[in-house]
Amino acid sequence: DLLIDQLLFCAPAERYPGRPSPSTTLALTLLAVAIIVLDFRPAARMRPSEWLLLAAGLVAFVSIIGLVLGASPLHRSTTAPTIGVALSTAIGLLLTSIGVLLQRPTTGVMRVFTSRGPGGVMLRRLALPTLLAPVLLGFVVMRLSEARGLELAAFPFAISSALTSIGGLVLLAITAVPLNRTQEALESARRWARELVEQAADGIFMADLDGRCVDVNDVGCRMVGYSRQQVLERGF
């Protein structure tokens, strides 16, 4: 107890000291440092600010799990039970972390999440269910056990839910990276092939198995005297 909180806010120090919980203090500190170094190493695969923001979001998310599943050690001080994280505070910290991450959507780890490739689409669709499903499942199991008169330890359930949610999100991110790279390589190959076709000195026509023209270069259009759209509307 360094009495730092008493320097700014004079509150009774007997039983209810006017200070935030350790989790709230840690998350706010991580957020503050992340904002200070937000544009440090902007070209890195994962910027230091992103690590700090993800850590702050993790602290808030674990506190929310503790509140939902009734695991006091995850959101309340063990030495001073009156000091804890409010649900509104935890949600606010989590949303703030996400909001600051979205300030640089095209750099670092956020580039994977906001990508238009299959990895980014998969990550955006499955991230929220991956995070919430274990927590909701743990909540349902806890309530059913209470209804049947069974006492289950909330702390192990909360820890397992947090690990499952975070592990699932990490696996999604790891899977999304090679998917996006494969898509980028495929698009690069298509652009390269398209450039070869356009720069060719001969007319090149491409058709499907039914004889419908699906592509043509500029030389081919000049040969037949039609625009590209007109050629694509006709068959051979």
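These legends describe an overview and several close-up views of one predicted chain.

The model is predicted, so local features need pLDDT of at least 70, side-chain atom pairs count only at pLDDT 80 or more, and totals for chains, interfaces and linings use all residues. Residues are numbered from 1 along each chain as its sequence is written, and side-chain values use heavy atoms, with hydrogens and water left out.

**Figure 1. The fold has nine helices and two strands.**
The order from the N terminus is α-α-α-α-α-α-α-β-β-α-α. The radius of gyration is 28 Å, well over the 18 Å of the globule rule for 236 residues, so the chain is more spread out than a compact globule. That radius is taken over C-alpha atoms, and the rule is 2.2 Å times the number of residues to the power 0.38. Helices (H or I, at least four residues) and strands (E, at least two) are DSSP runs, numbered from the N terminus. The C-alpha trace spans about 90 × 50 × 25 Å along its principal axes.

**Figure 2. Surface and contacts of the chain are summarised here.**
Of the 236 residues, 29% are buried. Buried means under 20% relative accessible area, exposed over 50%, and partly exposed in between (1.4 Å probe, protein chains only). The chain exposes about 15,100 Å², with 66% of it supplied by carbon and sulfur atoms. Areas come from the Shrake-Rupley method with a 1.4 Å probe; for residues, only the protein chains shown count as cover. Take the contacts between residues at least 6 apart in sequence: 54% join residues at least 24 apart. A contact means heavy atoms within 4.5 Å.

**Figure 3. Strands β1 and β2 pair in the antiparallel sense.**
Strand β1 covers residues 205-207 and strand β2 residues 213-216, with three bridges between them. Two strands pair if DSSP finds at least two bridges between them. M206 has D215 of β2 as its bridge partner. Five residues lie between the strands of this hairpin, and G211 takes a positive phi near 85°.

**Figure 4. V140 sits in helix α6.**
The helix runs over residues 118-147. V140 counts as partly exposed because its relative accessibility is 43%. L69 is 71 residues from V140 in sequence, yet the two are 9.3 Å apart in space, C-alpha to C-alpha.

**Figure 5. R41 has a positive phi.**
R41 is in the loop between α2 (22-36) and α3 (48-69). Its phi is near 55°, and R41 is not a glycine. Most residues other than glycine have a negative phi.
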